Amino acid sequence: MNRIKKITVTTLMAFGFYVNQASAIDLKVEPQNWWVGMKHQKVELLLKGDNIQGTTWQLVPYADVSLSSVSFGDSPNYAFVTLNIGEDAKPGVLTLKNQDLNLSFNYELQARVDGSRERVGFSSEDVIYLLNPDRFANGDLSNDSVPAMIEKAQPNFRGGRHGGDIQGVIDHLDYLADMGFSQIWMTPVRENNMPSYSYHGYAMTDFYRIDPRMGNNALYKTLVDEAKSRNIGIIMDMVLNHSGSEHWWIKDKPTLDWINFGGEFSSTTHARQTVQDPHASEYDKKQFVEGWFVPSMPDLNQRQRHMSNYLIQNAIWWIEYAGLSGIRVDTYSYSDKAFLSEWTERIMEEYPNFNIVGEEWTPNSAIASYWQRGKQNRDGYMSSLPSVMDFSLQEALIQALNEEESWNTGWIKVYQSIANDFQYPDPDNLLIFADNHDMSRVYSQLKQDLNKTKLAMSLLLTTRGIPQIYYGTEVLLDNTPSDDHGDIRIDFPGGFPEHKQDAKTGLGLNKSQQEMQAHLRQLLQLRKANPVLHKGKLVHFSPFDGIYAYARIQEEQQVLVLLNKSKQKQSVVLSRFGEFLKSVSQGKDLLTGQMIRLQDTIDVAPMSTTLLLLQH
């Protein structure tokens with residue numbers, strides 16, 4: 001075994017490297033630091049360096065901190081060192097030594113920010129703005145191409161990097177706050193050092209490092225702080241199922257079972273129903289969970305103990321380091337379900353008021369509800385995941401607005417989707433949306449119909465759940481006739497120097513874009529000003545005459561919502577709402593400010609939204 005002379009070690013906190021300056025041998029340590037006062041008192045350090053297997057590690061004595069175990073993988077270049085950090089441990093710098101290698105390094109224990117454990121995650125009070133940072137705004141032209149990164153900027157290629165970055169998001173925070181958004185979910189901004197199509201961020205090559213074409217770790221923290229000063233939270237998009245094929249651990253796997261199927265590509269079936277299916281074969285269940293998406297995204301084996309620890313600690317590290325208000329988990333059900341239970345439980349134990357939403361892409365609420373915390377599943381599976389994405393409502397909403405009305409088409413699809421809420425332990429905590437980065441834009445799906453798009457936004461911002469709006473919806477971004485992901489993730493108007501339109505300032509927007517932006521801004525402001533719209537009990541009525549009607553009720557406050565997709569004015573008989581209209585004499589239309597006397601009927605304009613605040 002190679003022997004390394006005793007050296008002076010420099011800590012590079014941004015990348016987790018402890019560098020041997022004398023012989024240029026690096027010791028990589030992840031996580032780069034930890035905190036005192038965490039509920040879970042152990043942290044497992046992954047150490048990577050040449051020929052460290054089988055060597056002896058010791059901790060220089062430090063009050064209420066101990067080295068509880070050291071283990072090794074199959075590669076000679078890894079060690080796993082577990083520290084126990086007691087309740088009385090103080091912030092400071094630990095020193096770990098390896099006598100066999102005559103090597104030592106420092107490891108920092110930091111103090112937690114006041115109130116970190118009590119942080120409140122996103123909720124139904126919020127509206128989330130989803131954006132692809134590479135396509136949103138280029139705030140720093142100098143990092144469009146970075147020498148150390150394989151893929152360079154190709155702004156004219158729909159599958160290439162366009163140059164958007166974290167600084168571009170910071171530059172638009174005032175605009176988003178003025179619109180009324182209170183949370184931002186960015187698709188991943190961590191390092192994706194892949195040869196091509198890396199702009200989307202889902203093929204990570206370093207889980208602890210912000211991609212330098214997006215900025216750096218410090219700038220990400222600046223984004224969180226700047227957003228917080230405007231009452232906006234930041235939700236991190238996390239990937240537990242896979243990494244990118246250029247990740248440093250692929251060429252030198254810590255253990256032989258680090259990657260599913262022995263590190264060789266075998267495609268997933270995408271048959272998510274096998275997880276719940278009581279009749280499913282073991283072969284099909286294995287192929288779904290352990291199979292890979294594509295050869296460039298190796299599937300991680302979360303049954304491997306060190307791997308599961310790595311992913312759990314990585315999530316907690318980012319919450320604590322950056323000050324996150326939530327996590328969105330990509331391809332949630334594709335990971336090992338026992339691991340998912342432990343991952344969510346550990347995070348929610350550490351942050352009891354936090355929120356995490358998992359992507360389970362299915363219109364079947366029976367499958368999606370399986371994953372939500374509190375569900376009593378037939379197989380006994382217990383989840384700690386607070387929220388799931390409501391793909392059922394998304395599909396139903398598009399169908400409802402595109403179909404002609406009948407007893408089994410049109411608004412009835414939305415009514416039936418929401419009627420299935422009995423399957424969810426907490427339907428108010430579902431994430432609801434009309435589109436996202438993986439599907440055609442809502443304006444495109446609704447065949448470029450402005451009024452239908454306005455109705456879709458009206459429903460999302462007044463029904464139960466946590467609304468998510470995809471960036472550019474407010475100015476009718478459109479991918480017609482293409483459904484290529486590069487066109488769905490179109491550049492945000494005004495985010496790049498050459499643009500002739502600017503959504504932030506209104507420059508060059510046409511009349512329809514201005515109308516949509518104003519409608520969405522008004523809805524967002526009304527939702528914020530009237531808590532009944534995001535906290536009230538939902539009571540809905542079977543659709544009639546092209547109208548979907550429902551009420552939000554909170555104590556003495558009541559709002560009647562009438563969504564009319566008919567192209568004719570409708571005269572609505574109010575007696576059908578008699579159960580909560582008793583003693584109500586008039587209502588205020590929140591969108592127009594008009595006072596309306598409530599007698600026998602109320603006229604509803606064609607293709608319109610009515611938000612009637614009832615007054616006794």
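Residues count as buried under 20% relative accessible area, exposed over 50% and partly exposed in between (1.4 Å probe, protein chains only). The views show a predicted model, in which local features need pLDDT of at least 70 and side-chain atom pairs pLDDT 80 or more, while totals for chains, interfaces and linings use all residues. Residues are numbered from 1 along each chain as its sequence is written, and side-chain values use heavy atoms, without hydrogens and water.

**View A. Two loop residues with positive phi.**
N102 is not a glycine, yet its phi is positive, near 55°. The residue sits in the loop that connects β9 (92-98) with β10 (103-110); helices (H or I, at least four residues) and strands (E, at least two) are DSSP runs numbered from the N terminus. N102 counts as partly exposed because its relative accessibility is 39%. S583, also other than glycine, has a positive phi of about 65°. S583 is located in the loop between α17 (578-581) and β25 (586-589). With 59% relative accessibility, S583 is classed as exposed.

The E30 to P31 peptide bond is cis, and its omega is near -5°. P31 belongs to the loop between β3 (25-30) and β4 (34-35). A cis bond also connects T480 to P481, with omega near 0°. In this case the proline, P481, is in the loop between β20 and α14 (485-488). Most peptide bonds are trans.

**View C. The eight-stranded sheet.**
Eight strands form an open sheet with parallel pairing, in the order β18-β17-β16-β15-β12-β11-β20-β19. Strand β11 (residues 128-131) runs parallel to β20 (residues 466-470), and three bridges join the two. Contact requires heavy atoms within 4.5 Å; axes are lines fitted to C-alpha atoms, for helices over the stretch in contact, with angles from 0 to 180 degrees between N-to-C directions.

**View D. Strand β15 and its neighbours.**
Seven of the seven residues of β15 are buried, and the strand is mostly covered. G233, I235, D237 and V239 point one way from β15, whereas I234, M236 and M238 point the other way. Four bridges pair β15 with β12 in the parallel sense. Across this pairing, I184 is opposite I234 in β15. The pairing of β15 with β16 (residues 326-330) is likewise parallel and has five bridges. M236 has I327 in β16 as its bridge partner.

**View E. Packing of helix α4 against helix α7.**
The helix axes of α4 and α7 come within 9 Å and cross at roughly 65°. On the α4 side, the contact involves N217, A218, Y220, K221 and V224. These meet W317, W318, Y321, A322 and G323 in α7.

**View F. Salt bridges between separated segments.**
The model has 30 salt bridges, each defined as a side-chain nitrogen of Lys or Arg within 4 Å of a carboxyl oxygen of Asp or Glu. In one of them the side chains of R305 and E342 meet, N to O, at 2.8 Å. This pair links distant parts of the chain, with R305 in helix α7 (residues 305-323) and E342 in helix α8 (residues 337-350), 37 residues apart. R305 is partly exposed, at 42% relative accessibility, and E342 is partly exposed as well, at 24%.

R328 and D330 form a salt bridge through their side chains (3.2 Å, N to O). Both of these residues, R328 and D330, are buried. In another salt bridge, the closest N and O atoms of K337 and D379 are 3.1 Å apart. K337 in helix α8 and D379 in the loop between α9 (365-369) and β18 are 42 residues apart, in distant parts of the chain. Salt bridges with shared partners join D237, R328, D330 and E359 into one network.

Notes
Pairing = 2+ DSSP bridges.
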